[in-house]
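The paragraphs below lead through a few places in this structure, moving from strands to a loop and then to a pair of helices. Please keep the sequence and the model in view while reading.

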Amino acid sequence: MLKSLCKKKEKIEKQGLTPIKKILKELGGWPVLEGNNWNDTGFTWMESMYKFRMAGFRTNYFIDINSFLINDTTKTLYLNKPSLGLELSREKMVKGAKHYIDAYYKYMVDVAELFGANQSDSLLIELKKSLTFEIKLAKISQSSEKDLDDTMIQNRMKVADLQQKFPSIPWQEYLNKLLNPFTIQQDDIITVGSPKYLSDLETLLSITPKRVQANYVFWRAIMNSVKLLTEELRMTKSNYDTKISDTTSLERWKECLDISIHFFEKIISSMYVRRFIDENAKQNVSEIVNGIREEKYKIFSTINWMDDETKKNAIDKAKSMLHHIAYP
């Protein structure tokens, strides 16, 4: 269903940008489109993430939330640095790779104008401020020596401790709203990829006008949606992709397929395995893998540079390893 809706080019062209512009309006409106009618009274970056999540948009524009495997049986939530709109290393973005940044800025302006923004100095200034904010995000989210020195254990903390260290964000509410229907409690353990980034993010957000923050989050949502919209917008993206990477956008059907796989990876993989993987081939591979396992046990048992306790731990670790063949 998702793929077929994505591929309905005629319907998409007929509707144009009306559906997504309506959604943007309901989410509070993109300031560059709303102009003087945009009001920052009800805007916070957190509330925008809650609304975007409910509307089906990504929410990793400031903080990326993932799961992290601690051991064979336990996972923890992992708060990571955000994704960025410009597909360029953070170091290059901060140092100012002019060719790429100029192309990205032009892409922002072109998309805004296709959405109906008035061509004016005001538009250019607003989008330049949004770009500057993104570059600042890139700067504070660069990996530092401290990040490399910190271990995952050192950065694990309860939600209550997270609240004490970074008080401007209501962490329990934030996590619960973005992870609904999962429920996070104050004593749940969270792994923080870079405490320094969260501290710097608090500072950056406190000095950045709400209008700039809003322009940034709406731009990121629109940027992620372009490949699903009209051919004119898709061509604009294709031209941009060519400038920064000498590649072109995928054909619409391939884009739709990629999107379907992204959302339903396990289901699609399972269907593929059931249809195309021969049971005898799976059995043959299983026998090969089991043979390798047995050989590993023999090697660990006979090597002379490990003491007995280390050998036992190595063998126990090897035995605990799971092998997924023709999975899922």
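Strand S2 (residues 75-80) runs parallel to strand S4 (residues 189-192), and three bridges join the two; strands and helices here are DSSP runs, of at least two residues (E) for strands and at least four (H or I) for helices, numbered from the N terminus, and two strands pair if DSSP finds at least two bridges between them. Across from Leu77 stands Ile190 in S4. S4 also pairs with strand S3 (residues 156-158), here in the antiparallel sense and over three bridges, with Ile190 as the bridge partner of Met157.

This is a predicted model, in which local features need pLDDT of at least 70 and side-chain atom pairs count only at pLDDT 80 or more, while totals for chains, interfaces and linings use all residues. Residues are numbered from 1 along each chain as its sequence is written, and side-chain values use heavy atoms, with hydrogens and water left out.

The loop between helix H12 (195-207) and helix H13 (210-225) holds Thr208, which is buried at a relative accessible area of 11% (buried means under 20%, exposed over 50%, partly exposed in between, with a 1.4 Å probe and protein chains only). Not counting residues up to four places away in sequence, Thr208 touches Phe133 and Gln213, where contact means heavy atoms within 4.5 Å.

Finally, the axes of helix H17 (residues 279-302) and helix H18 (residues 308-320) come within 9 Å and cross at roughly 170°, the axes being lines fitted to C-alpha atoms over the stretch in contact and the angles running from 0 to 180 degrees between N-to-C directions. H17 is therefore roughly antiparallel to H18, a term for angles over 145 degrees. Residues in this contact include Tyr297 and Phe300 of H17 and Ile315 of H18.

How values were computed: Parallel < 35°, antiparallel > 145°, perpendicular 65-115°, else oblique.
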